[in-house]
Amino acid sequence: MTLVSEYVLISPLEGTRLWLQVAAAYRREEYDGEDSSSPVDNAIEACSKALENATKLTPTLKSACHYAMLRIYRDLRYADDDGKAFIEKIAKDGDYKTRQDHITVFDQRLLSQWVRDFINEYNERSEDDEISSKLADKFFLPSLEDAMNEKQSSLQCLGDTLTVMKDYQGAVAYWEWIISECESFYSRTIKFIIYDKEKTISQVFNEIQKLEGNSHEYMQRLVTSHVQLARYYIEAGERLNVSTTDTVDYFESATSQCQMAIKLRPQISRDWKPENVELQQLLKETEKKLAEAKTKAEEEEENEDDEDDDDDDEDDDNNED
């Protein structure tokens with residue numbers, strides 16, 4: 001598989017972006033069994049090409065390429081030897097041995113967790129050649145609590161990087177993972193506190209109150225994730241050459257995310273009205289776009305029905321002749 005970037009001199013950044021777009025496109029294709037290589041194989045190759053370009057750029061872009069490849073193995077491909085070689089390669093770079101400053105705590109947690117998931121799956125499938133636990137140790141895994149307690153960072157997160165690279169589906173998957181982590185944090189923490197045999201009832205109550213004291217930051221992270229996800233769905237729906245049906249789906253998803261953020265926002269603090277007004281405005285604009293997309297979809301459906309009727313009439317006329 002070749003790309004124009006291999007023949008025309010373009011920047012490594014543009015090359016990375018193009019290859020990630022190619023990988024994202026192949027992810028969406030279905031294998032018809034006629035070609036010697038499946039779309040998944042092509043997506044993996046495209047990710048490798050993107051990573052080759054990204055090595056000349058910032059660590060953040062390299063992490064985005066790692067994410068794209070790991071997501072393929074997480075969703076579409078079983079843990080195979082090619083994936084093992086990929087894991088060994090990024091472990092050799094040494095980017096994830098310790099807490100890294102160039103990516104957020106959540107991002108390092110995601111990448112390290114997905115690598116460990118790959119290793120576990122590979123070892124479950126392998127009868128002889130298991131991956132050593134020493135390889136997993138090269139990927140430092142921050143705790144969920146550390147990720148939740150991370151202060152607002154100026155670092156660009158993977159979700160933002162993927163959007164810049166125009167991998168919208170990758171960005172959506174990223175924020176969905178962040179939301180699931182945030183949602184699980186409270187339930188895990190409260191369950192741990194309640195079932196701690198060393199704590200008295202009074203201590204349990206105090207711990208829960210302490211947790212409530214930090215709820216503003218925790219809930220803010222969750223609200224932010226829903227808003228970001230809504231914006232990504234909106235941006236995806238506004239792209240050129242997107243089918244009307246997909247546009248409706250995107251705006252419906254964006255509307256749902258806005259509604260979730262609005263529902264959560266008052267729980268953060270009493271002084272929530274200014275931000276909620278902004279969210280309400282975003283919801284209003286999204287609902288308007290959704291209504292327009294639905295109207296367009298209905299018009300297209302009516303036109304298709306009219307064309308089918310015309311074809312039927314023409315067939316009837318031909319039969320009469």
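Mentor: Gladly, and one term comes up again and again: a residue is buried at under 20% relative accessible area, exposed at over 50%, and partly exposed in between (1.4 Å probe, protein chains only). This is a predicted model, in which local features need pLDDT of at least 70 and side-chain atom pairs count only at pLDDT 80 or more, while totals for chains, interfaces and linings use all residues. Residues are numbered from 1 along each chain as its sequence is written, and side-chain values use heavy atoms, with hydrogens and water left out.

Trainee: How many helices and strands does the secondary structure of the chain come to?

Mentor: Helices (H or I, at least four residues) and strands (E, at least two) are DSSP runs, numbered from the N terminus. From that end on, the elements run α-α-α-α-α-α-α-α-α-α-α-α-α. The total is 13 helices and 0 strands.

Trainee: What percentage of the 321 residues in the chain do buried residues make up?

Mentor: Take Thr16 in helix H1 (residues 12–27) as an example. Thr16 counts as buried because its relative accessible area is 0%. Across the 321 residues of the chain, the buried share is 45%.

Trainee: Which residue has its backbone nitrogen 3.4 Å from a polar atom of the side chain of Thr16?

Mentor: A polar contact is a pair of N or O atoms within 3.5 Å; within protein, one must be able to donate a hydrogen and the other to accept it, and residues adjacent in sequence count only if both atoms are side-chain atoms. At 3.4 Å from a polar atom of the Thr16 side chain lies the backbone nitrogen of Ala54.

Trainee: How many salt bridges does the count come to?

Mentor: The rule is a side-chain nitrogen of Lys or Arg within 4 Å of a carboxyl oxygen of Asp or Glu. Arg27, Arg71 and Asp75 are linked in a network of such bridges. The count comes to 12.

Trainee: Which residue forms a salt bridge with Asp129?

Mentor: The closest N and O atoms of this pair are 2.9 Å apart. The bridge links distant parts of the chain, 45 residues apart: Asp129 is in the loop between helix H5 (105–125) and helix H6 (133–136), and its partner is in helix H4 (residues 81–93).

Trainee: Which residue has its backbone nitrogen 3.2 Å from a polar atom of the side chain of Glu150?

Mentor: Glu150 also forms a salt bridge with Arg99, with the closest N and O atoms 3.9 Å apart. The two lie 51 residues apart, Glu150 in the loop between helix H7 (144–148) and helix H8 (158–164) and Arg99 in the loop between H4 and H5. Glu150 is buried because its relative accessible area is 16%, while Arg99 is partly exposed at 31%. The backbone nitrogen at 3.2 Å from the Glu150 side chain belongs to Val105.

Trainee: Where is Lys289, which meets Glu238 in a salt bridge?

Mentor: The N to O distance of this bridge is 2.4 Å. The pair is 51 residues apart, with Glu238 in the loop between helix H11 (215–237) and helix H12 (244–264). Both count as partly exposed, Glu238 at 46% and Lys289 at 27%. Lys289 is in helix H13.

Trainee: Which residues gather in a patch of negative charge on the surface?

Mentor: Patch residues have over 30% relative accessible area and no salt bridge, and like charges are joined within 9 Å. Lys and Arg count as positive and Asp and Glu as negative, each charge being placed at NZ of Lys, CZ of Arg, CG of Asp or CD of Glu. Glu300, in helix H13 (residues 273–320), is partly exposed at 32%. The patch is made of Glu298, Glu299, Glu300, Glu301, Glu302 and Glu304.

Trainee: What distance separates the C-alpha atoms of Arg265 and Thr224?

Mentor: Arg265 is found in the loop between H12 and H13. Arg265 is buried, because its relative accessible area is 2%. Thr224 is 41 residues away along the chain, and the two C-alpha atoms are separated by 9.6 Å.

How values were computed. Patch = residues over 30% accessible without salt bridge, like charges linked within 9 Å, V, L, I, M, F, W, Y side chains within 5 Å. Areas by Shrake-Rupley, 256 points an atom, 1.4 Å probe, with all protein chains shown as cover.
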